[in-house]
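This briefing is for a reader who is meeting the structure for the first time. Please look over the sequence and the model shown below before reading on.

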Amino acid sequence: MIKFPGDFKFGFSTVGTQHEMGTPGSEFTSDWYLWLHDPENIASGLVSGDLPEHGPGYWDLYKQDHSIARDLGLDAAWITIEWARIFPKPTFDVKVKVDEDGKGNITGVEVDEKAIEELRGLANLAALNHYREILSDWKARGGFLIINLFHWAMPTWLHDPIAVRKHGPDRAPSGWLDRRAVIEFAKFAAFIAHELGDLADMWYTMNEPGVVITEGYLYVKSGFPPGYLDLNSMNIAAKHLIEAHARAYDAIKAYSKKPIGLVYSFADYQPLTPNDEPAVEEARALDYSFLDAPVRGELMGAVRDDLKGRLDWIGVNYYTRAVLRRRQDTGRVAVSVVGGFGYSCEPGGVSGDKRPCSDFGWEIYPEGMYNVLMRLHERYRMPMYVTENGIADEHDRWRSWFLVSHLYQVHRAMQAGADIRGYFHWNLTDNLEWAAGYRMRFGLVYVDYSTKRRYLRPSALVMREIARQKAIPDYLEHYTNPPKLG
């Protein structure tokens, strides 16, 4: 038996665009809502045509999902409070104290009680109260609660991705390209900490900011808003997201003393040959920049005290590896992803290493979990949670192997000294996989979207055995190494 500590958390997660909608009256508008409804995006195949209002309906069916989660032994949840749902109207006119340095950096945002009251006048209080009901229900079941404040969706008054793509960011609400987004996010963070902080066991400010910048401004065929190809914009958005985390950290701490983290998606980067190691270093540098800033204050070659020391724990999202090749472009190292491995395989196929791949074409590579966790441990020496890890597997062919083999690698990292305190499987239920729609099914629980009924997949019972016992029992240890094919 492979045992985890008694206080190790096993959990699930929810995101508004992906989980909440699906029942009458559960809809809300955000930049992602506009993006997924855009006729040109749908006609071109940039997005699937699946709409968020046809989702699993967590907004009204949360009690059912919480009951299932607890039955499966899950004792923790990270639940996203949707910025666009709470503030459908602009908050620009709420005055707060903003500090800046001589370089145009936003170094402080103070949201006092007067500002909180003004924000209350603009907030959707019905939505706020409903979130309180959702969070309270989970807490009443003995659940550990992490509140997340940003998982990609923004209010449309701050980001209209269709207008950005058509007219440019200087003539449309431009999201993270607008430095005001830093200030408005701090207001939102302060307001939620003030209103819901009594329920939070921990916080995290944002999920996968690196995905927001790379998919939005570099890999524009990915189906992510705003689909505006511009490297300078990518760098501006990165800077503003890092500042937004720091300012939100301060804003939360003014009203809550609970630990605050940041969640990032890490691949296990590997060179195709030893000569390709510079490509790996380049890729890791981007990932580490989002943690080096709040830990060490390092950003774009400078050290900023207003960023430093603003992280209490690290959230690690891991799905697979990426094999990289070095490409020399105009004197600098550029990164090229090698097909047939990691994220770049055939859906439902076999990788170049004879490993099974998910419905998404993602190679099952559990060893990468250990590698990522150990590198982060050696670099930062901070508490970590695995905040996302899962597989698109409609027929549940590989999920049990995936689950056990990755948890085994988490345990290995813990035995090697890494401070890992929980594992959140992505996901409890099937949900909207952003631009890919509903065909990518990540749930331990199958959702019939036409009826909203939930059905346990066999892998859910494997999860239950592990979560209830806080261990991988002997009779599941044969799953620790996923099979190779051929």
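The residues lining the largest cavity divide into 10 nonpolar, two polar and one charged, where Ala, Val, Leu, Ile, Met, Phe, Trp, Tyr, Cys and Pro count as nonpolar, Asp, Glu, Lys and Arg as charged, and the others, Gly among them, as polar. This is a predicted model, in which local features need pLDDT of at least 70 and side-chain atom pairs count only at pLDDT 80 or more, while totals for chains, interfaces and linings use all residues. Residues are numbered from 1 along each chain as its sequence is written, and side-chain values use heavy atoms, with hydrogens and water left out.

**Cavities**

- A search of the whole structure finds four cavities of 30 Å³ or more, a cavity being a set of points on a 1 Å grid over the protein atoms alone where a 1.4 Å probe fits but cannot get out, with lining residues having an atom within 4 Å of a point.
- The largest cavity has a volume of about 130 Å³, the volume being the space filled by probe spheres set on the grid points, which are joined across faces, edges and corners.
- Of the 13 residues that line the largest cavity, Asp 31, Trp 32, Trp 152, Val 212 and Pro 225 lie nearest its centre.
- Two or more residues of this lining come from each of α2 (31-37) and α10 (209-217), helices here being DSSP runs of H or I with at least four residues, and strands runs of E with at least two, numbered from the N terminus.
- The largest share of the lining of the largest cavity, four residues, is given by α10.
- The second largest cavity has a volume of about 80 Å³, and its lining has six nonpolar, no polar and four charged residues.

**Thr 387**

- Thr 387 has its place in strand β15 (residues 384-388), and with a relative accessible area of 1% it is buried, a term that means under 20% relative accessible area with a 1.4 Å probe and protein chains only.
- Leaving aside neighbours within four places in sequence, the contacts of Thr 387 include Trp 78, Trp 313 and Phe 424, contact meaning heavy atoms within 4.5 Å.

**Ile 391**

- Ile 391 lies in the loop between β15 and α14 (399-415), and at 2% relative accessibility Ile 391 counts as buried.
- Not counting residues up to four places away in sequence, Ile 391 touches several residues, among them Ser 358, Trp 426 and Phe 442.

Key. Buried < 20%, exposed > 50% of the residue type's maximum accessible area, 1.4 Å probe, protein only. 1 Å grid on protein atoms, 1.4 Å probe; cavity = no way out; pocket = protein on both sides within 12 Å on 5 of 7 lines; lining within 4 Å.
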